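Here are a few notes to read beside the model. Keep the sequence open as you go.

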Amino acid sequence: MDELVRALIQKATSERRIRLRAMRCDTTVVEADVRYPTDINLVGDAVRTLARVAGTIREAVPGLTARVCNRSRAVGKRIRQLGRRLRGRTGDKHAEVERLTTEAASHLRASIREARRLLLEAKSTFRKLREWVTRTQQRLVGELELFLTRSERVAEQVRLRFAEARITDRLVSLFDAEARPIRKGKVATPTQFGYVVQMTELTPSTTRGARGLLLPPTVGVGNPHENELLPETLDEVAALELAPKVAVFDGGFRIRATRNALAGLGSEVFIVGAKNGGSPAHRKRLACYRVGCEARVSDLKRRGLRRSRLKGVAGVHT
């Protein structure tokens, strides 16, 4: 946790005399700032990006002879053709998708070969210039190397898809490589592309309308289980020297793993759907208290938590 945030929460709990006795925790998805990642659109992004970065390097580093042809028009033509084929009523759509995507990927592989030659030539020029190389030139070459690696991943994904092979660690965006496809079972959006975020709220009581403090969220790459993010969340609580009397979770948390994780805090653990102790009125109050997580997350998403406009895990943390 950032030291400034920790000091702020400690000051709030000490000076305002807030005793945080209850904790509720929920996990949601923060979408990355990407469009729906079809294979042919990723190929188009890779072709355009390689040509753009290569052109900038040729302007910044004089004497380079290798060039990367801009094949975005050829790929864009196939993207439009694919859109028209998918809107049609013919039964051979799969064959057309494979043909047009494979043709676009062949253009990408040609751009990759040219970009690799340009990268090798630029590095050879840098070895000759030595101390005369500027930071801008080094940054541009590093950017070309980064996008070249990601473009190769896109071309390999296309090959694996039509070879009916399994694709692990799928790249869904050329510009946000850490974003991952996440399935949470929602009807409107069965698959989202972004990051899993665990939100934790500490309140003085479990009564209706209880208001407290939000801890800095725990961010996970990929589709981690709720209990995989829970230890980092509890580290935030321990860093504030807090020990809530009751901790409430939804049914997505595993019973044994959750209780073992909170054993050090000595908190009562309430998980919806599990066998919990206490009177019926006590269990009903904690169940209603847990529902407040949904309202809190919904309110945060309306305020900007739905999508991260910054790239990568660091951007989601910000």
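**Notes on the predicted model**

1. Start with helix α3, residues 72-87. Its 16 residues should span 22 Å at 1.5 Å a residue, and the end C-alpha atoms are 23 Å apart, so the two agree. The expected span is 1.5 Å times one less than the number of residues. Helices (H or I, at least four residues) and strands (E, at least two) are DSSP runs, numbered from the N terminus. The buried residues of α3 are Ser 72, Val 75, Gly 76, Arg 78, Gln 81 and Leu 82. Buried means under 20% relative accessible area, exposed over 50%, and partly exposed in between (1.4 Å probe, protein chains only). Their cover includes α2 (39-60) and α4 (93-129).

2. A word on the source. This is a predicted model, in which local features need pLDDT of at least 70, side-chain atom pairs count only at pLDDT 80 or more, and totals for chains, interfaces and linings use all residues. Residues are numbered from 1 along each chain as its sequence is written, and side-chain values use heavy atoms, with hydrogens and water left out.

3. How high is the mean pLDDT of the protein? The mean is 89, and 97% of the residues reach 70 or more. pLDDT is the predictor's confidence in each residue, from 0 to 100.

4. Next, helix α8 (280-305). Its 26 residues should span 38 Å at 1.5 Å a residue; the end C-alpha atoms are 35 Å apart, which agrees. The buried residues of α8 include His 282, Leu 286, Tyr 289 and Cys 293. The buried residues of this helix pack against β1, β3, β4 (213-214), β6 (246-249) and β7 (268-271).

5. Met 23 sits in β1 and is buried, at 1% relative accessibility. Beyond its neighbours within four places in sequence, Met 23 is in contact with residues including Thr 200, Leu 234, Val 248 and Tyr 289. Contact means heavy atoms within 4.5 Å. Glu 31 also belongs to β1. Is Glu 31 buried or exposed? Glu 31 is buried, with a relative accessible area of 14%.

6. A search of the whole structure finds 1 cavity of 30 Å³ or more, and the largest cavity has a volume of about 50 Å³. On a 1 Å grid over the protein atoms alone, a cavity is a set of points where a 1.4 Å probe fits but cannot get out; lining residues have an atom within 4 Å of a point. Points are joined across faces, edges and corners, and the volume is the space filled by probe spheres set on them. β1 (22-32), β3 (191-203) and α8 each supply at least two lining residues. Arg 24, Met 199 and Cys 293 are among the lining residues.

7. Finally, check the loops. Asp 169 lies between α5 and β2 (180-183), and its phi is positive, near 55 degrees. Asp 169 counts as partly exposed, at 47% relative accessibility. Glu 241 lies in the loop between α6 (226-239) and β6. Phi of Glu 241 is also positive, near 60 degrees. Glu 241 counts as exposed, at 70% relative accessibility.

How values were computed:
1 Å grid on protein atoms, 1.4 Å probe; cavity = no way out; pocket = protein on both sides within 12 Å on 5 of 7 lines; lining within 4 Å.
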